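Here are my notes on this one, point by point. Have the viewer open while you read.

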Amino acid sequence: MFDPAVETRSLAEQAVRDDALFRKQVSYLFDRSAFYRRKLKAAGFADAQRVGGLENIANLPFTDKSEIRASQASFPPFGDNLAADPAKLQRVFSTSGTSGVPTYIALTPNDVDVWATNTARSYAASGFHAGQRLLRALEVAQDVRDRLPDPCFRVAVAAGLARFGLLKGVLAQ
């Protein structure tokens, strides 16, 4: 296990935590993202409290990539779906654009941290242990200029493996 205190938590305790975090996230989106505020209001949710908790998640509207592309075209470069303060962004990635116009994915330091932690957890759950050697046969994109397919995944894998102790550095490419 990567983090036994988290990964052995009871289902009841985890459900309480998840519900509180869900409500906090919905409130954050209402406060910080014009895109999601409009979308949720159009779906009948006047405010974050009306969304409720996780028991109501099936009532939320889906967001598809064409909506994100339209948002980014109208409010470049990140769109009005961005909820984070642009000054606090740590990394910006781009999709390859193979199915249309590339979209940008902006990550805060917390986003990168959460992604790396979840990557480390997934490798631990797969049976890997700190100190083992692992050959990672994929390139690592460091930022939007690299324009490699799925760069967010690659950076998350590198950060997660490093956090878990499976990768201490990246070989020259």
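1. Helices (H or I, at least four residues) and strands (E, at least two) are DSSP runs, numbered from the N terminus. This is a predicted model, so to speak of local features a pLDDT of at least 70 is needed, side-chain atom pairs count only at pLDDT 80 or more, and totals for chains, interfaces and linings use all residues. Residues are numbered from 1 along each chain as its sequence is written, and side-chain values use heavy atoms, with hydrogens and water left out.

2. The largest pocket. A pocket here is an open set of points on a 1 Å grid over the protein atoms alone, where a 1.4 Å probe fits, with protein on both sides within 12 Å along at least five of seven lines; lining residues have an atom within 4 Å of a point. The volume is the space filled by probe spheres set on the points, with grid points joined across faces, edges and corners. For the largest pocket that comes to about 850 Å³. Its lining has 23 residues, and Gln25, Tyr28, Leu29, Ala83 and Asp111 are the ones nearest the centre. Helix H2 (11-32), H5, S2 and H6 each give two or more residues to this lining. Which element gives the most? That is H2, with six residues.

3. Helix H5. Take buried as under 20% relative accessible area, exposed as over 50%, and partly exposed as in between (1.4 Å probe, protein chains only). In H5, residues 65-74, the buried ones are Ile68, Arg69, Ser71 and Gln72. Looking down the axis of H5, these buried residues fall within an arc of 160°, so they line one face of the helix; the arc is that of the directions from the helix axis to the C-beta atoms. Ala73 and Ser74 are exposed, on the face of H5 turned away from the buried side. The cover over the buried residues includes helix H3 (34-42) and strand S2 (104-107), where contact means heavy atoms within 4.5 Å.

4. Salt bridges. The rule is a side-chain nitrogen of Lys or Arg within 4 Å of a carboxyl oxygen of Asp or Glu, and the count is eight. Lys39 pairs with Glu67, with the closest N and O atoms 2.5 Å apart. This pair links distant parts of the chain, as Lys39 is in helix H3 and Glu67 in helix H5, 28 residues apart. Lys39 is buried at 14% relative accessible area, whereas Glu67 is partly exposed at 24%.

5. Glu7 bridges to Arg121, the closest N and O atoms being 3.0 Å apart. Glu7 sits in helix H1 (residues 4-7) and Arg121 in helix H6 (residues 109-125), so the pair ties together parts 114 residues apart in sequence. Glu7 is partly exposed, at 31%. Asp3, Glu7 and Arg121 are linked in a network of salt bridges.

6. Aromatics. Rings of Phe, Tyr and Trp (its six-membered ring) pair if their centres lie within 6.5 Å; planes under 30 degrees apart are stacked, over 60 edge-to-face, the rest tilted. There are two such pairs. One of them, Phe35 with Tyr36, is edge-to-face, at 4.7 Å centre to centre and 85° between the planes. Phe35 counts as buried, at 8% relative accessibility.

7. A peptide bond to look at. Is the bond from Pro76 to Pro77 cis or trans? It is cis, with omega near -5°. Pro77 lies in the loop between H5 and strand S1 (91-94).
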